[in-house]
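User: Hello! I have just opened this entry and would like a friendly tour of it. Could you take my questions one at a time?

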Amino acid sequence: LSGRGWVMVRADALTPEKLVAAMEAGDFYASSGVMLKDVQRDAKGLRLEIAAEPGVEYTTEFFGTRKGFNPKSEVVLGKEGETLRTTRRYSAEVGAVLAKATGPSASYQFQGDELYVRARITSSKVKANPSAEGEVERAWTQPVVPK
């Protein structure tokens, strides 16, 4: 079924060239219902403003991996003990929650040791077209690589 998720692109005009340029610049986010008013990223950190709906609660988690993380991983096996081709289990340091905020705006200030940071916004609003019972609306920013 369609309509369960999409990409929101910030572009000057609705033309293929402008949309592709914005996507190549990372100026987009993925959503399954949560809308963002703004996303700002610079040398200091990542900030976002949610287009909040009345009566809906929002939690933003900033995920990232810090320098010096444990790079080891292990193969994940299927039910019959077979190696699953595309699945590996990594250290909890990979994609760890670095900070959490509630409300219609959130920000993360770089500490200087992050390899990347991205945000996942989770709402309390149940999706209109869920793929699983009780699924709520979310949005995900693109990873930001601190300079």
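The questions and answers below go from the whole chain to single residues.

User: What kind of model is this, and how are residues numbered?

Analyst: This is a predicted model, in which local features need pLDDT of at least 70 and side-chain atom pairs count only at pLDDT 80 or more, while totals for chains, interfaces and linings use all residues. Side-chain values use heavy atoms, with hydrogens and water left out, and residues are numbered from 1 along each chain as its sequence is written.

User: How many helices and strands does the chain have?

Analyst: Helices (H or I, at least four residues) and strands (E, at least two) are DSSP runs, numbered from the N terminus. Read from that end, the order of elements is β-α-β-β-β-β-β-β-β-β-β-β. The count is 1 helix and 11 strands.

User: What share of the residues is buried?

Analyst: A residue is called buried under 20% relative accessible area, exposed over 50% and partly exposed in between (1.4 Å probe, protein chains only). The C-alpha atoms fill a box of roughly 50 × 40 × 35 Å along the principal axes. Of the 147 residues in the chain, the buried share is 29%.

User: What share of the contacts joins residues 24 or more positions apart?

Analyst: A contact means heavy atoms within 4.5 Å. Among contacts in the chain with a separation of 6 or more, the share from residues 24 or more positions apart is 62%.

User: How far apart are the centres of the positive and negative side chains?

Analyst: Lys and Arg count as positive and Asp and Glu as negative, with His and the chain ends not counted. Each charge is placed at NZ of Lys, CZ of Arg, CG of Asp or CD of Glu. There are 21 positive and 19 negative side chains, and the centres of the two sets lie apart by 3 Å.

User: How many aromatic pairs are there, and why is the pair of Phe 62 and Tyr 108 called tilted?

Analyst: Rings of Phe, Tyr and Trp (its six-membered ring) pair if their centres lie within 6.5 Å; planes under 30 degrees apart count as stacked, over 60 as edge-to-face and the rest as tilted. The structure holds 2 aromatic pairs. For Phe 62 and Tyr 108, the ring centres are 5.7 Å apart and the planes stand at 35°, so the pair is tilted.

User: Which strands does that pair of Phe 62 and Tyr 108 tie together?

Analyst: Both Phe 62 and Tyr 108 are buried. Because Phe 62 lies in strand β5 (residues 58-66) and Tyr 108 in strand β9 (residues 105-109), the pair ties together parts 46 residues apart in sequence. The strands are β5 and β9.

User: How is the pair of Tyr 108 and Phe 110 classed?

Analyst: Tyr 108 has a relative accessibility of 6%, and Phe 110 is buried as well, at 11%. Ring pairs link Phe 62, Tyr 108 and Phe 110 into a cluster. The rings of Tyr 108 and Phe 110 have centres 6.3 Å apart and planes at 65°, so this pair is edge-to-face.

User: Which backbone nitrogen does the side chain of Ser 91 reach?

Analyst: Ser 91 sits in the loop between β7 (83-90) and β8 (96-102), and with a relative accessible area of 16% it is buried. Not counting residues up to four places away in sequence, Ser 91 touches Asn 70 and Lys 72. At 2.9 Å, its side chain reaches the backbone nitrogen of Glu 93.

User: Which residues does Gly 33 touch, not counting residues up to four places away in sequence?

Analyst: Gly 33 is in the loop between β2 (28-31) and β3 (36-41), and it counts as buried at 13% relative accessibility. With those sequence neighbours set aside, Gly 33 touches Trp 6, Glu 137 and Arg 138.

User: Is Gly 112 buried or exposed?

Analyst: Gly 112 is found in the loop between β9 and β10. Its relative accessible area is 53%, so Gly 112 is exposed.

User: How far apart are the C-alpha atoms of Pro 143 and Gly 64?

Analyst: Pro 143 belongs to the segment after β11 (136-141), and at 40% relative accessibility it counts as partly exposed. Leaving aside neighbours within four places in sequence, Pro 143 is in contact with Tyr 116, Val 117 and Arg 118. Pro 143 and Gly 64 are 79 residues apart along the chain, and their C-alpha atoms are separated by 8.3 Å.

Methods
A polar contact is a pair of N or O atoms within 3.5 Å; within protein, one must be able to donate a hydrogen and the other to accept it, and residues adjacent in sequence count only if both atoms are side-chain atoms.
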